[in-house]
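Please find below a short note on the model under review. It is arranged as numbered points for reading alongside the coordinates.

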Amino acid sequence: MKKFIKSLWGKIVLFTVINLSLIILAVSAVGIYLMTDFGHYNFYVHNENEISTSIMSDALRSDAYTVLWDEFKENIISPGREYCEYLIRDENGNELARTDKYDPDAAYCHTLKYGILKDESGTVTDVFYSVLYNDDYNIGEVIYREDKAVYYSVSIYPHEGTPLYREMETLDILVDIGYSLRYAVFFITLASLILIAVSFVGLMYASGRRSGSDGIFPGPLFKVPFDLLLALCLFAAIFAVLIIDSLGSMLNDVLIIALICFFCLIGVNILLGLCMSAATRIKLHTFIKNTVIFKVLKLIWFILRTIWKGVKKVSGFIFALLRDIPLIWKTAITVVILSIFEISVAGGTYPDHEDFIAFWIIEKIILVPIILYIAVSLRRLQKSGEALAKGDLRHHTDTKGMIWDLKKHGENPNSISDGISIAVEERLKSERMKTELITNVSHDIKTPLTSIINYASLIGSENCGDPKINEYSEVLVRQSEKLKR
């Protein structure tokens, strides 16, 4: 089964099943709508005869209206009409007019009730259909719109072979089919939905697959971005709607419905093709990557990342340049930039330019020397910190001219330098004392050890006849050498 589904014929069969099931589903849905709520004919409330009678009466309503209008308004007493026969009675059942060939037992003969209004001179002013329907679909209920109206009944039927007769035959057949299938149509609808779902799942499974192979094979439109395909299909749908709208005034209803069904069928197959393409792309993990939107976003991300790298390099260069500029020059450049910005912004909005410029000059005369003095003092402190960091303990911070906290911070490096120098001297003195102590102790130990080693060797060289003496002498020499080392 899987092998058949993967084949070309299997996919064609699935396409055909989906199309036929959709057609059956659409017909069933329209049938359910017509049988439940269309023209006050409910196939689940009334019997077939009531429904057929009401539908046929509606089909003959305009012709009966024309007959009454001709008889009473135009005073045309015709012995017969080209397409129908009729009989007119008053509300008491008396015959007023009839055609020569009228037959009350003829097929599709129906009686309709109409009201006629006349003015004081007896001229007909209105002819209206007097049978309406309430919310309970009580077919055939007569209502009276005007107390002054005179009511007549028209029994009418079409001639056999005329378009109206063929229309009545078609309606009769449709009512008979609809009434016999009024319950089965729900099961047909459900079966169509299940068949569509199963076939669609099988089609998605077969997308990109071939019989006899487990690989995924993309179709001829695989390289075309999916969102571009979707946009083209959307434009095609809009174009089809425009075509139907432009042809609406030139074609009859049947042709318009046929054209709509044709375009819908084409649209369903195109949509199935899009779904198959999407399923293949998902299987190959390229659904998102192979889209115009993704490529555009990727390009935008690349551009933004390139710009960000450039900004980082430029800002890094600027920061490195500013870092290498001496502190005094940094301060001076900052003061100049802020001054230019201040005079360009505030100078243009200040109402009195001359007063502002004078105040600005006085402000800068006061603030600039103070800022530069602070920058010079900070530069001295910066040099002291750099010298201490490099280990130059002899560097002395020049605090001449410094005041308040600046001078206090300038004296702190000097105190640190002096304290470190004293600590280093103490450490060196301690190291010298350790070295002298080790030297003296080493000398004092070596002299007696040398004597012990010599005499132990002499004892070991004597022939005393006791082997333990020689053994003890060797132990003494060995341990003494170890201690000496």
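The points below concern a predicted model and take up its pockets, its nonpolar cores and its cysteines.

1. **Largest pocket: extent and centre.** The largest pocket holds about 720 Å³ of space. Its lining comprises 22 residues, and those lying nearest the centre are G31, L34, M35, F43 and L174.

2. **Largest pocket: composition.** Four helices, α2 (8–36), α3 (48–73), α4 (163–180) and α5 (184–206), each contribute at least two residues to this lining. The greatest contribution is that of α2, with 7 residues. By class, the lining of the largest pocket consists of 17 nonpolar, 4 polar and 1 charged residues.

3. **Second largest pocket: extent and centre.** About 480 Å³ of space lies in the second largest pocket. It is lined by 23 residues, and P218, G219, P220, S277 and T280 are the closest to its centre.

4. **Second largest pocket: composition.** Here α2, α6 (226–247) and α7 (253–283) each provide at least two lining residues. Helix α7 gives the most, with 7 residues. The lining of the second largest pocket divides into 11 nonpolar, 7 polar and 5 charged residues.

5. **Largest nonpolar core.** This core has 23 residues, of which L68, I88, L112, Y114, V154 and I156 touch the most other members. Two or more residues come from each of α3, β1 (84–90), β3 (110–118), β4 (124–129), β5 (150–158) and α4. The largest share, 6 residues, is that of α3.

6. **Surroundings of I156.** Which residues does I156 touch, leaving aside those up to four places away in sequence? The contacts of I156 are L60, D63, A64, V67, C84, E85, Y86, Y108, C109, H110 and L112.

7. **A separate core.** Another core, of 10 residues, lies apart from the largest one, and its members include M204, A206, L272 and M276.

8. **Cysteines.** How many disulfides does a search of the whole structure find? The search returns 0 disulfides. C264 is in none, and the nearest cysteine sulfur, belonging to C261, is 6.4 Å away, whereas a disulfide would require the two sulfur atoms to be within 2.5 Å. C264 counts as partly exposed because its relative accessibility is 45%. C275 also counts as partly exposed, at 23% relative accessibility.

How values were computed: Residues numbered from 1 in each chain as written. Predicted model: local features only at pLDDT ≥ 70, side-chain atom pairs only at ≥ 80, totals over all residues. Heavy atoms only, no water. 1 Å grid on protein atoms, 1.4 Å probe; cavity = no way out; pocket = protein on both sides within 12 Å on 5 of 7 lines; lining within 4 Å. Points joined across faces, edges and corners; volume = space filled by probe spheres on them. Nonpolar A, V, L, I, M, F, W, Y, C, P; charged D, E, K, R; others polar. Buried < 20%, exposed > 50% of the residue type's maximum accessible area, 1.4 Å probe, protein only. Core = buried A, V, L, I, M, F, W, Y, C linked by side-chain atoms within 4.5 Å. Contact = heavy atoms within 4.5 Å.
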